[in-house]
Amino acid sequence: MFIELTDHLRCPAEHEESFLVLIPDTMRGRTVLQGSLGCPVCHRVFPIGDAVLAFGAAAPAPPRTDLPEAEALRAFLGIEGPGGFVALVGSVAERAAELGQLLPGVHCVAVNPPADVPPSASVSVVRSPRPPLKARSCRGVILGAPEALDPAWAEVVGSVLPGLRATGEGAPPERAGLELLASAGGWWVARAS
Ligand SMILES: [Zn+2]
């Protein structure tokens, strides 16, 4: 897990957002290989092992053969230039490394990716039963299945910074502050306000 991601994570328990306290035990560069994250609100402690943050049990997404290419995902999000974070949720997180190559200096957060998606210097892997990112913390969110089919995950699009975009498959989440821009081929693109 990229150490600077700490500031953008939230405890998955149902309470107000708060900062989390990182205790890194083993680092490689700016990647936390072993350590823990503590929540000062509910006092839970979440482990980081083999560079993977586990906010709880979450089944790895099934691998897919019908995902959009990384270039298409970049175009959906309309991102250019370095800096910040993009979250990819579910099976589509398989594209995290390729998307990271298209977006130098942008860190990708693979949330509940397929089991064979490894963490790297440019990709953090997070396992979580609920959306693990703070509101307005990311330059883009890509909400793939199976989470895209679960209404409890719709709030993850609230992690997009105002004026920037979320994309996903299935039906676009109906929520205030999200303007639908386009929908085709089973994928939608929306802008946060
Ligand atoms: Zn908590």
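Visitor: Which residue is the bridge partner of alanine 166 in β11?
Guide: Alanine 190. This is a predicted model, where local features need pLDDT of at least 70, side-chain atom pairs count only at pLDDT 80 or more, and totals for chains, interfaces and linings use all residues. Residues are numbered from 1 along each chain as its sequence is written.

Visitor: How many bridges join β9 to β11?
Guide: 5 bridges join β9 (residues 160–169) to β11 (residues 187–192), and these strands run antiparallel. Strands here are DSSP runs of E, at least two residues, and helices are runs of H or I, at least four, numbered from the N terminus.

Visitor: What is the strand order in the open sheet?
Guide: The 11 strands go β1-β2-β3-β4-β7-β6-β5-β8-β9-β11-β10, with mixed pairing. Two strands pair if DSSP finds at least two bridges between them.

Visitor: Which strands stand at the edges?
Guide: β1 (21–28) and β10 (178–184). Each has a single partner strand, so one side of each is left without a neighbour in the sheet.

Visitor: New topic. What are the domains?
Guide: Domain 1 covers 3–54 and domain 2 covers 70–188. Those bounds come from an automatic or database domain assignment.

Visitor: How many residues of each are in contact?
Guide: 12 of domain 1 with 17 of domain 2. Contact needs C-beta atoms, placed from the backbone, within 7 Å.

Visitor: Which strand gives the most to domain 1's side?
Guide: β4 (residues 52–54), with 3 residues.

Visitor: And how far apart are the domain centres?
Guide: 20 Å, taken over C-alpha atoms.

How values were computed. Contact = placed C-beta atoms within 7 Å.
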